[in-house]
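I opened the notebook to keep track of what I looked up. The entries follow in the order I made them.

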Amino acid sequence: MSGPYRQNVTVKNEQGMHMIPCSRVAQLVRETSCQVQIIRDDQVADARNILDLLMLKAEVGTSLLIESEGEGAESILAQIVKLFDDDFEIISEN
Amino acid sequence: MMIKQGIPVSPGVAIGPAFIMGNEDYRIPQRFVRIDDVEKELQRLDAAIEQVCVELGEHEELASDRLGKQYGAIFAAHQQLIQDPKMISEIRALIQDKCFSPEYATSKVLEQYAKLFQSLGNQYFAERSADIVDLQHRMLKHLLGERREGLSNLTEPVLILANNLTPSETANLDKKHVLGFVTEAGGRTSHTAILAGALQIPAIVGVGEFLSDVSGGEMIIIDGYHGELIIDPDESVLERFTASRQRHFEEQERLKTYADLVPETRDGERITLMGNIEFPQEVEHCVERGADGVGLYRTEFLYLQEGKEPTEEVHYEAYCKVVESMQGRPVVIRTLDLGADKIPGALEKVLLQNSNPMLGLRSIRLSLQNQPLFKTQLRAILRAAMLGDIRIMFPLVSTLREIRQARMLLSDVMEDLEDEGIEFRRDVPVGMMVEVPSAAILAEEFAREVDFFSIGTNDLIQYTLAVDRADPSVANLYSAGDPAVIRLIQQVVQAAHRENKPVTVCGQMSSEPRFLPLLIGLGIRQVSVTPAMIPELKEVIRNLEVKHANEIASHVSGLDSARDVENYLRGELHKICPAYAIDF
C-alpha cells in the first residue's frame, strides 16, 4: 500500500469535464486496483465512475484535487495529471 | 377538437385512429421476475451490456474512419459509461433485491441519471441526458430482442404520431397499416420528410410539442396539403375531410391519364421531366408516370439502412436495379450527401456536437476526407454504368478545388478498375449540384469543369438566405420566391448556357406547380421532381406557352419581395391551369 498521494489540477477543457474527459479518466483508473478520488470542494467522486465524475460539473477553470491510494498510486496520479495537462488527448478537427 | 399546424411534406388526407410511437417502442413487458430466475436474469443483463459494448465499438470504428477520431471518442465514452461499475451495481441490486426484470431495472437506473443530469442546471450536462436515454434504448433493444414492441405488430390501419422518426423507421413503415404520420420535430427537407414523399403517404413534420395532448386511439385527421393535424374532429369537419379525401382519390385517377402524355408546352417546347428517387423501388413511381429519367438518385439510404457502411456490391446491386428499370433513360446518381440532419440515429448526435453542422463536414467534404468510402461508391457507379445511361453528380460543391479533387479521385478509381481487369464505363458524364452560393456566383468557372449542373434549391435557399427552415422562429424567411434566390438561379442558367452545359433544377422548388412556369421562363428546360408530382407538372407544362413563361420571369424580376413573387405566381398558375388550382 502506498499513498495517499494528492495533487491539484485545473480543468483546461473548454467544455469542462464532459463525457469524453470523464471516460478517459475512468478508463485509466479501472485498469488499476487503486482507489482514486477526485474532489471538488466538498464533493467527492470515485474516479472509477463516469457518472460520479460528471456530477462534479467541473467547468473550464475549475480547480480539482486528485487523491490516489494503493498499488501504483503515485504513477496513476501522475498519469491522471498528465491527462488533465494534455487536455485529455482530445483530438481536435483533423 | 384541436388543430395543430406543421409543415406539410407529403400531400393527401388521411383519417384514422392515432398511434403514438414514442417510448411505446420500448414498452417493457414485464416488471418483475421470479426469485428463482434472478441468476438467469443477471446473466441476461451481462450479455446485454456486452452486446451494447460490441455495438458501440463498431460505431466507434465507423465514426472514427468516416468522420474522424474525435467523433469515435463519443462512442468510446458511451462504452465506458455503460460499463460504469457504480451504475451496473445499482442495476444489479434492483434485480437481486427487488426481483426487477433487467429491462425495468436498467430503465429505472438510467432514467434516474438522465433526470439528475437535467436538473444540474447547466446546458451541457442537461444535454448529456440524451446520451443516457440513448444508452437506455440500446440496452432495451438488446434485452427485449425479439420481444420488442413495435410497428411490426400493427393489425389495423393507423396514423402515426411521434416526436421524430428516424429515416430507417420511416422507410420501414408498412403502407398497409400506416396511413400517414405526424412528427413534432423535423423540417421540409429533413430525411424523414423526403422519405414520406417517397412512400406517398400524407405526412406533416415540425409541428412542435403536441404528444402530451394525445393519448393514442383518438380519431385524427392529417391534412398533408396544408400541414394541419386535427385531433378529435367535429362531425362537420370530419365530413368535410372525408369528402376532400374522396376528391384526392378522384384527382389521382384523373391525373393517371397523363402518364402517356408528353410534357410539351402549347407552343411545342419539350420539357424534360424526370423523377427524384431515394430507394430503387421508387423507379416504378417514375416509370408508371412516364418520367424522362431519374434526375436525382439520392444514395444516402444505402448508408442509413444498416447504420453500417455499404459494400461495393450493395451499391452496385441498387444502381443496377435502377438503371435497368429505366430502360436507357438517364439516371443521375448523386454521391453521398450525408448532412447533419441525415445521419442515422447514433451518428447524428456525433455531428450535432459540432457548433454548426450545416456548415460543417458533410456531403462532398465528407467524401473527400473519407476516400475509401468515396471510392467504393464510385467503383460501383462506374461498373453499373455499363448497363445504361448513368451520370455522376457531386453534392454541395463549394470550391473549384473540390470538383477537381473529386474528378481526380474518379480517374484514380478508373485506373484501379482497369488494372484489376473489371469492366466499367469510362465516359460517364460528371456533374455537380449547384446549391452553395459560391458555386452559383462562380457558375461560369464551374461550368467549364463539369458536364452538367443540377440546381439544388433546398440548400441554395437555406445558404443564400441563412435560414434553417426547421427552426420555426425563422422558417417564414425561407422562400423559393425570394428575389435573391431567383437572381442566383438565373445567373446559373445563363452561365451554363454560355458554356453550353445542360442545367436541371432538382430541389423542392421544381416540384411546386406555381414555380415551374417561372423556371421555364428563366430558361430551364429540365427538371427533376418528386415522382408523385409528375402528372400535375405535366398538366401545367401542357397548358403553358413559353412566351407566357418568359413574361412571368420578366415580371418577377421587377418584384422585390418573396411574398409578392409567390402571390403573383399563384395567380399566374390559376390562369394557366384553372383545373389544377382546386383547393383541396
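Where does Q327(B) lie? I found Q327(B) in the loop between α11 (312–325) and β11 (331–334) of chain B. Helices (H or I, at least four residues) and strands (E, at least two) are DSSP runs, numbered from the N terminus.

I noted that this is a predicted model, in which local features need pLDDT of at least 70 and side-chain atom pairs count only at pLDDT 80 or more, while totals for chains, interfaces and linings use all residues. Residues are numbered from 1 along each chain as its sequence is written, and chains are lettered from A and ligands numbered from 1 in the order in which they are written.

Backbone angles. Most residues other than glycine have a negative phi. Q327(B) is not a glycine, yet its phi is positive, about 45°. I also looked up N500(B), another residue other than glycine, and its phi is positive, near 60°. N500(B) lies in the loop between α19 and β15 (503–505) of chain B.

Is Q327(B) buried or exposed? Q327(B) is exposed, because 9 other C-beta atoms lie within 10 Å. A residue is buried at 20 or more other C-beta atoms within 10 Å of its own, exposed at 12 or fewer, and partly exposed in between, with C-beta atoms placed from the backbone. N500(B) is exposed too, with 7 such atoms.
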